[in-house]
Amino acid sequence: MAKQRRTAEAPKPPRLAVRKTYKLYLGGAFPRSESGRCYPVTSTDGDHLANAALASRKDARDAVAAARKAFGGWSSRTAYNRGQILYRVAEVLEGRRDQFAAGAERAQGLSRAAADEAVSAAIDRWVYYAGWTDKVAQVLGGANPVSGPYYNHSAPEPTGVVAVFAPQGAPLLGLTSVLAPVIATGNTAVVVVSESAPLAAVDLAEVLATSDVPGGVVNLLTGRVPEIGPHLASHADVNALDLTGAGDLAAEFEEAAATTLTRVLRPGPGADGGEDAWLDPDPGTARMTPFLETKTVWHPIGV
Amino acid sequence: MIFDYAPAPESRSVVRLRDTYDLFIDGEFTPAEGAGTLPTVNPADETELARFAVAGEADVDRAVAAARRAHDTVWSRMSGAERGKYLFRIARIIQERSRELAVLESMDNGKPIKETRDVDLPLVAAHFFYYAGWADKLAHAGLGRDPRPLGVAAQIIPWNFPLLMLAWKIAPALATGNTVVLKPAETTPLSALVFAEICQEADLPPGVVNIVTGAGETGRTLVEHPGTDKVAFTGSTEVGRQIARSVAGTGKRVTLELGGKGANIVYDDAAVDQAVEGIVSGIFFNQGHVCCAGSRLLVQESIADELLPKLKERIGKLRLGDPLDKNTDIGAINSAAQLERIRELTDTVEEEGVQRWSPSCELPSAGYWFAPTVLTGVSQAHRVAREEIFGPVLSVLTFRTPEEAVAKANNSPYGLSAGVWTEKGSRMLWTAERLRAGVIWSNTFNKFDPTSPFGGYKESGYGREGGRHGLEAYLG
């Protein structure tokens, strides 16, 4: 009797939310940093949002190993299959659009309209590159009319493992815009995501993990560019760097990359901008060609 | 009765050598300010052919300034159609003077006249002819609606195909509206200087092409010069790394065509006689001074005993000697330094358990020579299987399964070229798909064409030369 009265009189306490632990995304799994470290992530107003894993040099190396392991399988998928998987990413992202828009409002201080615009553009960007997977070889490759009795044909192939420094100020649309072209073409990626706004990337990892993107194709590191960047830039098993979000360290990383002739995409216009710098709905092939090799095959013609 | 070949030397009379060659800057031959010179010798007999100017900083400055002026005031403003007509004109003059250029190239480089006459010079003319036609069609190259030239290109070329490498550099650069400062190799500067005369003969506007001669220091000065927008280099991977480092952070564009250790895979169903010819041209073409040489023969174990004796028999018939003799197959090693490098890499192989074989072959007493050499019993760990020798030395390895062949072929930091010999189409395509190399020759080897993109994966460099792809290196 007394028990019932207490329940009726006291207001029902709000349900305690289950908070998310933001971890790395490595080889298809979500581990903490092997270093056991994390760092606080705040909103643009300074409110604490969460702790993110502070990736170490070892995590970066593990990510490269996972990306290398995944490269053979991913690059030998048919282009059609890769396109379907990228399209699936768009489908799953669409289903979670409110989560991402709310996250962008909270983390980046965007208006709801700007957040919605960024999320919509990110979804559409996956669709855009899903469509590129089985066209890029036709656009960039073809028959070469050599002056002799030879069949001669050039086609693009993925270069391998690409280390991507994602834009610092554009944590969802910017990240999508640099990541999607890398994997659309059959490369695998190790991405150092925005240090100050890393949560969208970890949310995106959950989308990738449930969209049939094989483990290891995308590996996401949250942490500090000055700490893990040099190890990725000089890593002998990294084939290419996208330095978009490398900031002041871009030249240093390019110099480190020279030791193993690692391909380099330098920071372009918009590298320092916010999500609105990435709204162009037709970015073309410019972010795919730096990570492609051209292979030319000859064969004699005769009876 | 055995008939030997009578000497059949090509006449040198078509070549008019000068005692000293100046730099070519702003349309004129001009002495270097430091006035230092270096000799260039005929590697077949070690006689001095001529001396050439060594460009210092001030000279490189002048050349870059001339190129900038020409770019800004003339060349980038000219219509593509007019630029193209200059290149067509150059292609025609090269065809007219091809005998002279072939003889000169053989004298300065040491390669057989058969190759300069039938391979180098026809490809040089074809390259200019091909890119001439692109000059007014750049909007159709898939590189944007209005692609723009980068500006001034610093270009450094090697000694193995002096004039051909010049063509690979200059033709696409000029077609796209860039101007150039080119440095030929210090052991083979002469054909580039005759090319400068051809530019004059074609009335090419002054400053569009500038040729600065010299050694490594001149090259470094040119690469590091702040007044250029682009660096294009063909040469060793080691120098390529240095260039990539020095260009970092400058915003200059760069393309690099570097070393190789090409695998030539022969499956058990290959047409053996054809494969033997391909193996021979793969490694002994141009004395093996070829970045894309098939220097690692991977032969399927089950046919190794049949193939190797045939290969040796064929190699025994190669004729080594006077590069100007029309019957010569193997000419001189380009320089004393390169000969030393080949010896250094091969001198100790027998101590490492490798079997070494060369045909009985008399080497001329003067000049730089190295007999064609086959190394068997080579494993992946041997230096001769890993490092680029850049000479007439073939390392032979065996494999059992296609998977093993591909794994061995790809087990190299290089990725420039590879060969596949099989009569089965699906196996050829399966193999070609898995080889991490920029050029795959199947049932052929060492074929080149201006329409066919050339360039490497991995530490063989980046960028492509030739074809539509070759335009990308010079457009922004």
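Let's start with chain B and its overall size. For 476 residues, a compact globule would have a radius of gyration near 23 Å, and chain B comes in at 22 Å, so the two agree. Keep in mind that this is a predicted model. If you take the C-alpha trace of chain B along its principal axes, the spans are about 65 × 50 × 35 Å. There are 14 helices and 20 strands in that chain. As for burial, 59% of the 476 residues of chain B count as buried. And take the contacts in chain B with a separation of 6 or more: 73% of them come from residues 24 or more positions apart.

Okay, on to the sheet. Which strands make it up, and in what order? Ten strands form an open sheet, and the order is E3(A)-E4(A)-E10(A)-E18(B)-E17(B)-E11(B)-E12(B)-E15(B)-E14(B)-E13(B), with mixed pairing. At the edges you'll find strand E3 (142–143) of chain A and strand E13 (355–357) of chain B; each has a single partner strand, so one side of each is left without a neighbour in the sheet.

Now look at where the sheet passes from chain A to chain B. Strand E10 of chain A, residues 292–300, pairs with strand E18 of chain B, residues 439–442, in the parallel sense and over three bridges.

What about the rest of the contact between the chains? Chain B puts in 30 residues and chain A 24 residues. On the chain B side, the elements giving two or more residues are helix H8 (237–247), E18, strand E19 (457–458) and strand E20 (461–462). By class, that side of chain B has eleven nonpolar, twelve polar and seven charged residues.

Back into the sheet, to strand E11 of chain B, residues 263–266. Ala263(B) and Ile265(B) point one way, Asn264(B) and Val266(B) point the other way, and all are buried. E11(B) runs parallel to strand E12 of chain B, residues 296–300, and four bridges join them. There, Val266(B) has Val299(B) as its bridge partner. E11(B) also pairs in the parallel sense with strand E17 of chain B, residues 417–421, again over four bridges. In that pairing, Ile265(B) stands opposite Val420(B).

In the loop between H9 and E12 of chain B sits Gln287(B). Its phi is near 60°, a positive value in a residue other than glycine. Is Gln287(B) buried or exposed? It has 32 C-beta neighbours inside 10 Å, so Gln287(B) counts as buried.

Among the buried ones are Leu199(A), Val202(A), Leu204(A) and Leu208(A). So what does the covering? The list includes strands E1 (38–42), E2 (48–53) and E7 (218–221) of chain A, along with helices H3 (79–95), H4 (97–108) and H7 (173–184) of that chain.

Between H8 and E7 of chain A there's a loop, and Asp212(A) is found in it. Asp212(A) isn't a glycine, yet it has a positive phi of about 70°. With 13 C-beta neighbours inside 10 Å, Asp212(A) counts as partly exposed.

Last stop, the nonpolar cores. In soluble globular proteins, nonpolar side chains tend to be buried together. Here the largest nonpolar core has 190 residues, and the members touching the most others are Val164(A), Val190(A), Val191(A), Leu221(A) and Leu87(B). Take Val191(A): leaving out residues up to four places away in sequence, it touches Val164(A), Ala166(A), Leu179(A), Val218(A), Asn219(A), Leu220(A) and Leu221(A). There's also a second, separate core of 67 residues, which includes Ala44(B), Val384(B), Val393(B) and Tyr457(B).

Key:
Residues are numbered from 1 along each chain as its sequence is written. Chains are lettered from A and ligands numbered from 1 in the order in which they are written. This is a predicted model: local features need pLDDT of at least 70, side-chain atom pairs count only at pLDDT 80 or more; totals for chains, interfaces and linings use all residues. A residue is buried if 20 or more other C-beta atoms lie within 10 Å of its own, exposed if 12 or fewer, and partly exposed in between; C-beta atoms are placed from the backbone. Two residues are in contact if their C-beta atoms, placed from the backbone, lie within 7 Å. A nonpolar core is a set of buried Ala, Val, Leu, Ile, Met, Phe, Trp, Tyr and Cys residues joined through C-beta atoms within 7 Å. Two strands pair if DSSP finds at least two bridges between them. Ala, Val, Leu, Ile, Met, Phe, Trp, Tyr, Cys and Pro count as nonpolar, Asp, Glu, Lys and Arg as charged, and the others, Gly among them, as polar. The radius of gyration is taken over C-alpha atoms; the globule rule is 2.2 Å times the number of residues to the power 0.38.
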